[in-house]
2 protein chains.
Amino acid sequence: MQYIIFNMGVTQKHLFTDQQNELAALAKAIGHPARIAILQHLIQSNTCINGDLVQEIGLAQATISQHLRELKEVGLIQGTIEGTKVSYCIHPGKWNELQTLFDGFFKTFDKCCNSSC
Amino acid sequence: MQYIIFNMGVTQKHLFTDQQNELAALAKAIGHPARIAILQHLIQSNTCINGDLVQEIGLAQATISQHLRELKEVGLIQGTIEGTKVSYCIHPGKWNELQTLFDGFFKTFDKCCNSSC
DNA sequence: ATTATATATTGCAATATTACGATTAAATTA
DNA sequence: TAATTTAATCGTAATATTGCAATATATAAT
């Protein structure tokens, strides 16, 4: 009689620190070209709506909406309802956190110490 | 008679620039806590082998091997065969490219321009 | 009230990812 | 040569992701 085999297909987050999980979650969020494109367009135009991105990128409305939700869930963007539209923009605080976390991670590798193998 | 419906479940890379795809691919590669942990351990110990990481992280040998392959495929690490072991280390050039690409991306958002919505 | 506009959600199909055991491959050691 | 060590690959199971059409929801305009 079997109770649990093990969690197949699921990331074993408990093996890692909160910082490792957070860094990975942020990296994963920007780990799709559509979400990179969305962020770049938001940065350029300050704010924009779903429909703009559908035009700009060329994916279906539902698909863009889904990508926006993922970026929102990780906190990198925020949306404000304006009539029938929703105005999206970068969340400056989270963007700063993203930058700081990644910078810190990158800097831990000191290029002067020859890392060869 | 139907030839192509469309590519379900597959990222539509042709919609994006090479730079967007490259940035996303690198972000995706570090978008898993196990791969973050592997990179951090490589940075700390300069080089290490599969078995070390299995001990350190606590995932199965095959799983660590798979994560190592993903990091190798994107070019962030390299492996050198040494007897029965394979010594892994960071690829300094690619690490530098990673850093430069992300830095450039982060900087395009200028915090002074109030991005609110 | 009805129609138009815009986005979110649901449902579905297909591929991708995560994880592990078992096996294979390749070099080292006894 | 045979046994040991180490890592890669194969096979499999389960979940996650990607993408779209269709539908639902909610506000604005007629």
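**Before you start.** This is a predicted model, in which local features need pLDDT of at least 70, side-chain atom pairs count only at pLDDT 80 or more, and totals for chains, interfaces and linings use all residues. Residues are numbered from 1 along each chain as its sequence is written, chains are lettered from A and ligands numbered from 1 in the order in which they are written, and side-chain values use heavy atoms, with hydrogens and water left out.

**Stop 1: DNA strand D.** Select DNA strand D and the 32 residues around it. A residue is near the strand if one of its heavy atoms lies within 4 Å of it. Lys28(A), Thr84(A), Gln12(B), Ile49(B) and Tyr88(B) come nearest.

Colour the surrounding residues by class. There are 12 nonpolar, 15 polar and five charged. Here Ala, Val, Leu, Ile, Met, Phe, Trp, Tyr, Cys and Pro count as nonpolar, Asp, Glu, Lys and Arg as charged, and the others, Gly among them, as polar.

Stop 2: Which atom of DNA strand D lies 2.9 Å from a polar side-chain atom of His67(A)? It is a phosphate oxygen. Next, pick Gln61(B): a polar side-chain atom there lies 2.9 Å from a base nitrogen. Then pick Arg69(B), with a polar side-chain atom 3.5 Å from a phosphate oxygen.

**Stop 3: α2 and α3 of chain B.** Select residues 33-45 and 50-57 of chain B, helices α2 and α3. Helices are DSSP runs (H or I, at least four residues), and strands are E runs of at least two, numbered from the N terminus. The axes of α2(B) and α3(B) are 11 Å apart, at an angle of about 120°. Axes are lines fitted to C-alpha atoms, for helices over the stretch in contact, and angles run from 0 to 180 degrees between N-to-C directions.

Show the side chains. Ala34(B), Ala37(B), Ile38(B) and His41(B) in α2(B) meet Leu53(B), Glu56(B) and Ile57(B) in α3(B). Contact means heavy atoms within 4.5 Å. By class, this contact has five nonpolar, one polar and one charged residues.

**Stop 4: α1 and α5 of chain B.** Select residues 18-29 and 92-107 of chain B, helices α1 and α5. Their axes come within 11 Å and cross at roughly 115°. From α1(B), the contact includes Leu23(B) and Leu26(B); from α5(B), it includes Leu98(B) and Phe102(B). The contact has seven nonpolar, one polar and three charged residues.

Conventions. A polar contact is a pair of N or O atoms within 3.5 Å; within protein, one must be able to donate a hydrogen and the other to accept it, and residues adjacent in sequence count only if both atoms are side-chain atoms.
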